[in-house]
Amino acid sequence: HGLLGEVWDDEMSSSMLGSRLRKVVQNYQAMNKYGVQLSGPGGVSSRPKLSGPELLCQLKDNVEVTTLTSDLQPFSALPWAAQLPPKPLTSELGPYKSCAVVSSAGSLRYSGLGKEIDSHDAVLRFNAAPTTGYEKDVGSKTTIRLINSQVMASDDHRFLSSSLYSSGVLVAWDPAPFSADLTQWYNRTDYPIFTQYQRYRRLHPLQPFYILHPRFEWQVWQRIQDNMAEPIQKNPPSSGLLGTVLMMSLCEVVHVYEFLPSRRKTELCHYYQRFYDAACTLGAYHPLLYEKNLVKRMNQGSNRDIYTHGRVTLPGFSSLNC
Ligand code: C5P
């Protein structure tokens, strides 16, 4: 169940999930931990289905990839403000010609995609995803690593000491309440992103390390909800989609690997762990099912690319004529 036909169907809905996962998703759809306020017409059935190019322009026009800088309140008044970068990520990194976004999906196992991934000008990886020992399948280049605050805070990831995090540019994020300003978020983060950030910066002062502005994740969330025919989970998008949109702002073309599962699709959660759960691919907390619908609609590559390589092709924002 779940995945219909050969490749991802862009009309996947929670009703197509198995009963266990469907209940989990429906639970999250009813919950509203972050106080999400629905805007717009809300008449889901009358919503026109946008074309791929229309969706791409909507994303470009409505989502701003911003990061925290040392001049922003309330940080500017705090003693550690100088640890934050003076300039935003988008003015310091890129532009790149071609970029790869490497999901951590179990279907990357035995993919042999390593060389192809490394041939890109920049490679984005997520959270604790390693390259050592998996080079054949996922490559070895890491330009940017997008990490969530849970990984930064958990003991088993040894974020402060593991060499996994010490190469490339780090970008961190933490879910903020939907309409919170930076001060409200600072006083109520999901995980202690700011204490961990300060500790890490003290240990690795030369490594570039950005924090995403929480407005970004909710702008991306709004693009998903506005283009789906049913209410999606009122939780932030997964790292996978956030990283994809981040790279669309830095690169001329973005290839996303195994976000839309290939013929290797599996319930193996991550290529680097022996843990099986369909929720990793189909979502539970994150509106991942709907993220994948949106990416499928925006894909400019072929279904064959998805089937054989798990590869989606997206234009960077600078390549769009909106
Ligand atoms: O689990 P983690 O968030 O570290 O994985 C990175 C991203 O890869 C996820 O946020 C999700 O978008 C994507 N992913 C996936 N299918 C999986 C595992 C991860 O689409 N089985």
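**View 1. Pro74 lies in the loop between α2 (52–62) and α3 (89–92).** Helices here are DSSP runs of H or I with at least four residues, strands are runs of E with at least two, and both are numbered from the N terminus. The peptide bond that leads from Gln73 into Pro74 is cis, with omega near 5°. This is a predicted model, in which local features need pLDDT of at least 70, side-chain atom pairs count only at pLDDT 80 or more, and totals for chains, interfaces and linings use all residues. Residues are numbered from 1 along each chain as its sequence is written, and side-chain values use heavy atoms, with hydrogens and water left out.

**View 2. Pro95 belongs to the loop between α3 and β1 (96–102).** Gly94 and Pro95 are joined by a cis peptide bond, with omega about 0°.

**View 3. Asn127 sits in the loop between β2 (122–126) and α5 (135–138).** Although Asn127 is not a glycine, its phi is positive, at about 45°. You will meet Asn127 again in the next view, as one of the closest residues to the ligand.

**View 4. The ligand is surrounded by 15 residues.** A residue counts as near if one of its heavy atoms lies within 4 Å of the molecule. The closest are Asn127, Ser238, Cys269, His270 and Lys292. At least two shell residues come from each of α10 (239–248), α11 (279–282) and α12 (288–298). By class, the shell has six nonpolar, eight polar and one charged residues; Ala, Val, Leu, Ile, Met, Phe, Trp, Tyr, Cys and Pro count as nonpolar, Asp, Glu, Lys and Arg as charged, and the others, Gly among them, as polar.

View 5. A backbone N or O atom of Ser239 lies 3.3 Å from a ligand oxygen, and a polar backbone atom of Gly240 is 3.1 Å from an oxygen atom of the ligand. Taken alone, the ligand exposes 440 Å², and the protein buries 90% of that (Shrake-Rupley areas with a 1.4 Å probe).

**View 6. Stepping back, the protein has 13 helices and seven strands.** Its radius of gyration, taken over C-alpha atoms, is 19 Å, close to the 20 Å from the globule rule for 322 residues, so the protein is as compact as a globular protein of that length. That rule is 2.2 Å times the number of residues to the power 0.38.

How values were computed. A polar contact is a pair of N or O atoms within 3.5 Å; within protein, one must be able to donate a hydrogen and the other to accept it, and residues adjacent in sequence count only if both atoms are side-chain atoms.
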